[in-house]
Amino acid sequence: MHSTTKRILSIGLTLALLLSLALALTPRLTAAATPPNQADSRSSPGCGVEQKPGNDQGTITSAGEDRTYRINIPRDYDITSPMPLILGFHGRGSDGAEFQNYTGLPELPAITVFPDGIAEDGKRSWQGAPYASGADDVRFVADLLDSLEDDLCIDLNRVFATGKSNGGGMVSVLACQLRDRFSVFATIAGAYYPQSFDGCDYSEPTPMLAIHGTGDATMHYEGGERQGETYPSVRTWLEPWAEAADCTGSKDRKVGKRGEKVVRTKWQNCRDGVDVELYSVADGGHVWPGETMYSGGGYVTQDFSATDTLWEFFKDHPRAEPAHE
């Protein structure tokens with residue numbers, strides 16, 4: 001009997017060790033790859049429409065002009081399960097294909113779309129800057145959203161906008177002029193020319209995230225002059241959004257890893273569950289932090305990821321009330 005008990009205990013211990021080893025070796029989703037809770041999702045008209053996953057070029061007509069974009073539909077896309085949608089806006093002189101490549105945004109569990117700006121003097125650009133082409137980019141984005149929502153199974157409570165440099169300025173324009181179509185806005189190394197927020201209505205609390213390097217020599221962290229325009233500091237650009245949410249002051253916290261100096265400034269006690277945050281990357285250049293390939297000039301950290309950071313912010317802020325119908 002004693003011998004039998006020993007064998008049982010030995011077998012049990014062996015099984016426990018094997019289970020622990022299996023759990024340790026099981027791959028875990030990174031923060032950036034974790035999908036959001038779908039409990040409060042809201043389906044677009046395109047749910048049920050057959051679509052082929054993959055990365056492709058798309059074209060729509062807006063204001064009588066053909067406009068192009070890159071689109072990435074994840075491999076596990078399900079036409080009956082609404083997915084988040086991220087629109088990403090490139091900087092001046094770039095395009096959607098280049099932007100998707102250096103950001104790594106297509107790796108997220110979301111449909112990602114990267115529109116192309118109209119070229120002016122040989123460089124693509126967006127509204128919100130003195131060098132803009134004059135195209136109605138806000139209308140283009142509205143038309144693009146209409147098309148995407150009709151053809152794809154999108155969660156209308158999780159439609160996000162992000163952009164770098166002039167693309168960040170375009171995100172500012174959208175936050176001012178097309179706010180009802182998006183849940184959250186995030187800018188990286190944003191170009192906050194006066195044209196990007198001129199006449200902006202700050203009456204509605206809106207989740208806003210900005211990431212900017214303190215060593216950005218193109219669009220200075222503390223503001224400056226460029227293209228014949230005076231532009232504000234990143235914090236000054238964010239302040240009206242904090243005021244719109246009735247936030248009361250802000251607190252700083254060091255969040256960098258491996259000695260990286262990154263400070264998160266978070267405005268406090270904002271109403272309606274809104275957050276306004278600024279990540280300041282010490283000595284960071286005019287870049288996409290954590291880039292997968294060259295994204296701009298100056299120092300770039302690989303120990304802090306703009307993509308991971310904005311995705312966590314996006315997941316935390318689904319739209320609480322009905323958006324565009």
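**Group meeting: a helix pair and a cavity**

So, α3 and α4 are roughly perpendicular to each other. This is a predicted model, by the way. For numbers: the axes of α3, residues 137-151, and α4, residues 166-177, cross at roughly 75° and come within 10 Å. I'm giving you both values because two packed helices are described by the angle between their axes and the distance between the axes. And roughly perpendicular here covers 65 to 115 degrees.

Who makes that contact? On the α3 side you've got D137, V138 and V141, and on the α4 side M170, V173, L174 and Q177. Sorted by type, the contact of α3 with α4 has five nonpolar residues, one polar and one charged.

Okay, cavities. How many of 30 Å³ or more turn up in the whole structure? The search gives two. The largest cavity has a volume of about 60 Å³. Its lining is made of I188, A189, I211, H212, G213, V281, G284, G285, V287, P289, Y299 and T301. Strand β9, residues 208-213, gives the most to that lining, with three residues.

Last bit, confidence. The chain averages a pLDDT of 90, and 86% of the residues score at least 70. Then there's the stretch of residues 1-31, where the pLDDT is below 50. In the model, that stretch has five contacts beyond near neighbours in sequence.

How values were computed: Residues are numbered from 1 along each chain as its sequence is written. This is a predicted model: local features need pLDDT of at least 70, side-chain atom pairs count only at pLDDT 80 or more; totals for chains, interfaces and linings use all residues. Side-chain values use heavy atoms; hydrogens and water are left out. Axes are lines fitted to C-alpha atoms, for helices over the stretch in contact, and angles run from 0 to 180 degrees between N-to-C directions. Helices (H or I, at least four residues) and strands (E, at least two) are DSSP runs, numbered from the N terminus. Angles under 35 degrees count as roughly parallel, over 145 as roughly antiparallel, 65 to 115 as roughly perpendicular and the rest as oblique. Contact means heavy atoms within 4.5 Å. Ala, Val, Leu, Ile, Met, Phe, Trp, Tyr, Cys and Pro count as nonpolar, Asp, Glu, Lys and Arg as charged, and the others, Gly among them, as polar. On a 1 Å grid over the protein atoms alone, a cavity is a set of points where a 1.4 Å probe fits but cannot get out, and a pocket is an open set with protein on both sides within 12 Å along at least five of seven lines; lining residues have an atom within 4 Å of a point. Grid points are joined across faces, edges and corners, and a volume is the space filled by probe spheres set on the points. pLDDT is the predictor's confidence in each residue, from 0 to 100.
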